[in-house]
Amino acid sequence: MKILNIVVLALAVGGMSCAKTGATADSASAVTLDAEPLQKVEVSFDADSAYAYVERQVGFGPRVPGTESHAACGRWLEAELRRHGAEVVVQEALLKAFDGTPLPARNIMGRYNPGASDRTLLLAHWDTRPWADNDPDAANHRKPVDGADDGASGVGVLLEVARQLADADQSAGIDILFVDAEDYGTEGSDDSWALGARHFVQNPPIDGYRPSRAILLDMVGGAGSVFRREYFSDRYAPALLSDVWEAASLAGHDSRFSHEPGGAITDDHLEFIKAGIPAIDIIACHGAGGFPPYWHTVGDNMDNISAETLGAVGRTVMTYLKHFLKQT
C-alpha cells in the first residue's frame with residue numbers, strides 16, 4: 001500500500017460521485033451498526049500465540065506470488081483455518097501485475113456460522129512486497145522483504161482470532177479473509193495495488209456474498225505503533241470506525257488507538273468502500289507523514305514485531321466482536 005495526500009478524491013463506484021459513494025457507505029453503516037452503548041466485556045486473546053503465527057509466516061520466506069514460499073504458506077493458512085473450525089473457501093485467480101507479470105493469487109477465507117445473513121468480514125493481506133524499494137541501501141532495492149509487519153502481522157492476529165472463535169459459543173456470521181496480491185503495486189498507479197481484494201469484491205467466490213462491514217488489519221505488529229483514524233475509513237465508514245475505536249478504549253488501549261486523523265491510504269479496504277460496503281483500515285501510520293521506517297525495506301522483519309502491539313489489536317477486535325455481535 002502507499003500513502004496519499006489528503007485531497008478531494010473521486011472513488012468510481014458504478015459511475016457515482018465520491019459524495020454519492022460516501023452516502024451509500026454511511027447509510028449502510030447507520031442501518032447495520034448497533035446503537036446501544038458499548039459495555040466493558042471480558043475477552044480471550046493470546047498475544048504470544050499471535051506472535052508465533054507471525055513468526056511462522058516469516059519462516060516460510062517472502063510470500064511473493066509465484067514462489068514456492070508463497071504456495072507453501074498458503075497451504076498452511078488454509079490448514080490452520082480448517083484446524084480452527086472454519087468452513088474454508090479458496091479463490092484462485094491468475095492476476096496481472098502493472099508490469100504484465102502473471103500473479104497466481106489465492107484468496108483464502110474461513111467462515112464461521114456460514115448460514116448467518118449478517119456478516120462481519122475481517123481481512124489482512126498475506127503476500128509480501130517483491131522489492132525492498134524503500135530501503136536506504138540501493139543494493140537492496142531488488143530484494144524481496146520478509147513482510148513481518150506489512151503482511152504477516154495482520155494475518156497473525158486473525159489466526160489467533162480464529163483460534164478463539166473455534167472455542168466461542170457464538171452465532172454471529174464472521175468471515176476471516178487472507179487476501180492476496182496487495183503489495184505488487186507501483187508508485188503513481190493506485191489501481192496497481194490490492195489486486196486480490198479487487199478480484200474478490202468483483203468476483204465473489206460465494207454467489208451473492210456481500211459482508212455488512214469489513215475491518216482490515218495491516219501493519220499491526222510494530223513495537224510502539226499507534227493507529228490513527230485513516231482518512232477513507234473516517235470518510236466512508238465513520239460509525240464503524242468509532243465503534244472499533246471505542247472497543248479499543250474498553251479493552252484498555254486508548255494510547256494505541258488515537259483519535260487524530262491519519263493519512264489517506266490506498267489499501268484493500270478501498271475495494272470494499274467502492275462497492276458501498278462500510279470498511280475500515282487499522283494500520284500504523286504516522287499521521288500524514290508516512291509509514292514506519294522499515295516499510296518496504298529488508299528491515300521489515302521479526303526484530304520490529306511486538307507481542308504487546310499484536311495483543312492490543314487482537315483484544316480490540318475481540319472486544320468489538322463480542323459486544324457488537326453479542327457473543328457469549
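**Figure 1. Buried residues of helix H5 and the elements around them.** In this predicted model, the buried residues of helix H5 (residues 195–202) are Leu195, Gly196, Ala197, Arg198 and Phe200. Buried denotes under 20% relative accessible area, exposed over 50%, and partly exposed the range in between, with a 1.4 Å probe and protein chains only. These residues of H5 pack against strand E2 (87–96), E3, strand E5 (173–179) and helix H8 (269–274). Helices (H or I, at least four residues) and strands (E, at least two) are DSSP runs, numbered from the N terminus. Residues are numbered from 1 along each chain as its sequence is written. Local features need pLDDT of at least 70, side-chain atom pairs count only at pLDDT 80 or more, totals for chains, interfaces and linings use all residues, and side-chain values use heavy atoms, with hydrogens and water left out.

**Figure 2. The pairing of helices H3 and H4.** Two packed helices are described by the angle between their axes and the distance between the axes. For helix H3 (residues 68–83) and helix H4 (residues 148–166), the axes come within 9 Å and cross at roughly 25°. Axes are lines fitted to C-alpha atoms, for helices over the stretch in contact, and angles run from 0 to 180 degrees between N-to-C directions. H3 and H4 are therefore roughly parallel to each other; angles under 35 degrees count as roughly parallel, over 145 as roughly antiparallel, 65 to 115 as roughly perpendicular and the rest as oblique. The crossing of H3 and H4 is left-handed. From H3, the contact involves Trp76, Leu77, Glu80 and Leu81, and from H4, Val155, Leu159 and Ala162. A left-handed crossing has the near helix turned anticlockwise from the far one by less than a right angle, and a right-handed crossing has it turned clockwise. Contact means heavy atoms within 4.5 Å.

**Figure 3. The pairing of helices H2 and H9.** The axes of helix H2 (residues 47–59) and helix H9 (residues 307–324) come within 8 Å, with a crossing angle of roughly 110°. H2 and H9 are therefore roughly perpendicular to each other, and their crossing is right-handed. On H2, the contact is made by Ala47, Asp48, Ala50, Tyr51 and Val54; on H9, by Ala307, Leu310 and Gly311.

Figure 4. Met302 is found in the loop between strand E10 (279–283) and H9. With 15% relative accessibility, Met302 counts as buried. Met302 and Glu55 lie 247 residues apart in sequence, yet their C-alpha atoms are 6.9 Å apart in space. Leaving aside neighbours within four places in sequence, Met302 is in contact with Tyr51, Val54, Glu55, Val58 and Ala148.

Figure 5. Arg119 is placed in strand E4 and is buried, at a relative accessible area of 3%. Between Arg119 and Ser212, the separation is 93 residues in sequence and 5.4 Å in space, C-alpha to C-alpha. Apart from neighbours within four places in sequence, the contacts of Arg119 include Arg111, Tyr112, Asn113, Gly173, Asp175, Tyr209 and Ser212.

**Figure 6. Two loop residues with positive phi.** Most residues other than glycine have a negative phi. Asn113, in the loop between strand E3 (102–112) and strand E4 (119–125), has a positive phi near 55°. Asn113 is partly exposed, with a relative accessible area of 30%. Met219, in the loop between strand E6 (213–218) and strand E7 (227–229), has a positive phi near 60°. Met219 is buried, its relative accessible area being 1%.

**Figure 7. Helix H7 and the glycine that follows.** Helix H7 (residues 238–250) has 13 residues and reaches 18 Å from its first C-alpha to its last, close to the 18 Å expected at 1.5 Å a residue. The expected span is 1.5 Å times one less than the number of residues. Leu240, Leu241, Asp243, Val244, Trp245, Ala247, Ala248 and Leu250 are the buried residues of H7. Just after H7, Gly252 takes a positive phi of about 85°.

Figure 8. The mean pLDDT of the protein is 88, and 86% of its residues reach 70 or more; pLDDT is the predictor's confidence in each residue, from 0 to 100. Over residues 5–10, pLDDT stays under 50, and the model has nine contacts beyond four places in sequence for them. Over residues 12–35, pLDDT also stays under 50, with 46 such contacts in the model.
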